[in-house]
Amino acid sequence: MSKPQRPLSPHLQVYKPQLTSMMSITHRLTGLFLSLGLVIFVYWLFSLAKSPGMANEMIGFVQTTLGCVIFYVWVFAFAYHLCNGIRHLFWDAGKGYSIPAVYRSGYMVILGAALLTALVYVLGR
């Protein structure tokens, strides 16, 4: 019995990346990154309760250049995930489904996440 010739589904090479698809992928990746960051945060809380010296080691790492970069990427991931979640709440309410509104809100999410990250940076210094 031979296999019937069926058309294949379009692959990723066929589609041009769009703002909406990239934001969806980024939303999922930031959720994953936030989960990993939460594990590190819980470890820090555990070390704080167990021994202040262990907690100071983690604080010392966050004060290094690599630690600062990781921390602010985590803050950006939180801000992005928060802003995009608010955007999805508007969609759940039936608002902002037109293509111009979707793109406008997408750019607002990116700008809002950048501004919130900058605010945390300014307040943290």
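Predicted model: local features only at pLDDT ≥ 70, side-chain atom pairs only at ≥ 80, totals over all residues.
## Fold

The chain contains 4 helices and 0 strands. From one end of the sequence to the other, the order of elements is α-α-α-α. The radius of gyration is 20 Å, whereas the globule rule gives 14 Å for 125 residues; the chain is therefore more spread out than a compact globule.

## Dimensions and surface

The C-alpha trace spans about 65 × 45 × 25 Å along its principal axes. Of the 125 residues in the chain, 23% are buried.

In soluble globular proteins, nonpolar side chains tend to be buried together. In this model the largest nonpolar core has 7 residues: Leu19, Met23, Ala79, Tyr80, Cys83, Val109 and Ala113. The elements that give two or more residues to this core are helix 1 (19-50), helix 3 (65-92) and helix 4 (99-124). Helix 3 provides the largest share, with 3 residues.

Ala113 is one of the residues in this core. Leaving aside residues up to four places away in sequence, Ala113 touches Phe76, Ala79, Tyr80 and Cys83. Among the residues of the core are Ala79, Tyr80 and Cys83.

Technical notes:
Residues numbered from 1 in each chain as written. Heavy atoms only, no water. Core = buried A, V, L, I, M, F, W, Y, C linked by side-chain atoms within 4.5 Å. Buried < 20%, exposed > 50% of the residue type's maximum accessible area, 1.4 Å probe, protein only. Contact = heavy atoms within 4.5 Å. Rg over C-alpha atoms; globule rule 2.2 N^0.38 Å.
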